[in-house]
Amino acid sequence: ASRRVVHGSVSGMGTDGAVVVTGASGFLGRMAAAVLLAETAAEVLLPIRDKHKKESVAAALALELQALGAPAEAMERAHVVPLPPLAQIDALLPIVRQFEVGTIAHCAGCLSYFNKAKLQEGNVELTRALLGLARRAGVGRFIYLSTAFASGLVNGPVPENLHEGDRSDPTEYMRSKRETERIVASSGIPYVIVRPVIVVGDSRNGRYSGKPYGLYQLWNAAEK
């Protein structure tokens, strides 16, 4: 099916044309970009905000490729570009069209759990802007990195469908992700929603290069 919700994996992103991957300055976005470079022949565009340095993002991505055993030449297909302000998102149109982008993998997001304004801008409005860009550029597929906690706190199994209505949300983050999923689903663009739970590193060797949040924060505290 062209429209579906899945849990826990950013693999299987078969591509037609180049891919835009947002969030390459973060762990999951960087891993999605690395897997694409290592396992496909796609050109990968990596829009990053001004606060991140192009050289630092590229260097971190190169390390992930090395860890995956990919040849260094794969980095030649990675293109780090500025992410414009939301009101100027169409500044990306020329390069998206130049590379004939077929997929946007939207992995960027805001983790300010209780800051409604930042969550609205970093999750809801950024996604809305990228969907508009996808429509104007004729992009054929939109992959959205959500969270399993978009369901809110529930007892029992969580179905793989869109979660509607008011939920038990201890953080605004959960609500913002649920709202954003509905925006993606109603966009008219074929989509995949990916809902990871807790990231604990590479299943083959436990390697983890992200920030010490969540489980790792607790582990670091225990070590200290």
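This is a predicted model: local features need pLDDT of at least 70, side-chain atom pairs count only at pLDDT 80 or more; totals for chains, interfaces and linings use all residues.
Local features need pLDDT of at least 70 and side-chain atom pairs count only at pLDDT 80 or more, while totals for chains, interfaces and linings use all residues. Residues are numbered from 1 along each chain as its sequence is written, and side-chain values use heavy atoms, without hydrogens and water.

**Fold**
- The protein chain has six helices and seven strands, taken as DSSP runs (H or I, at least four residues; E, at least two).
- Along the sequence the pattern reads β-β-α-β-α-β-α-β-α-β-α-β-α.
- Of the 224 residues, 44% are buried (under 20% relative accessible area; exposed is over 50%, partly exposed in between; 1.4 Å probe, protein chains only).
- Among contacts (heavy atoms within 4.5 Å) with a separation of 6 or more, 75% join residues 24 or more positions apart.

**Surface patches**
- Patch residues have over 30% relative accessible area and no salt bridge; like charges are joined within 9 Å, nonpolar side chains within 5 Å.
- A salt bridge puts a side-chain nitrogen of Lys or Arg within 4 Å of a carboxyl oxygen of Asp or Glu.
- Phe-149, Val-197, Ile-198 and Val-200 make a nonpolar patch of about 350 Å².
- Val-200 sits in the loop between strand S7 (191–195) and helix H6 (215–223), and is partly exposed at 45%.
- Arg-49, Lys-51, Lys-118 and Lys-211 form a positive patch.
- Lys-211 also lies in the S7–H6 loop and is exposed at 54%.

**Buried arginine**
- Arg-178 belongs to helix H5 (residues 172–185).
- Arg-178 counts as buried because its relative accessibility is 4%.
- Beyond neighbours within four places in sequence, Arg-178 contacts residues including His-163, Arg-167 and Asp-169.

Notes
Accessible areas come from the Shrake-Rupley method with a 1.4 Å probe; for residues, only the protein chains shown count as cover. Lys and Arg count as positive and Asp and Glu as negative; His and the chain ends are not counted. The place of a charge is taken as NZ of Lys, CZ of Arg, CG of Asp or CD of Glu.
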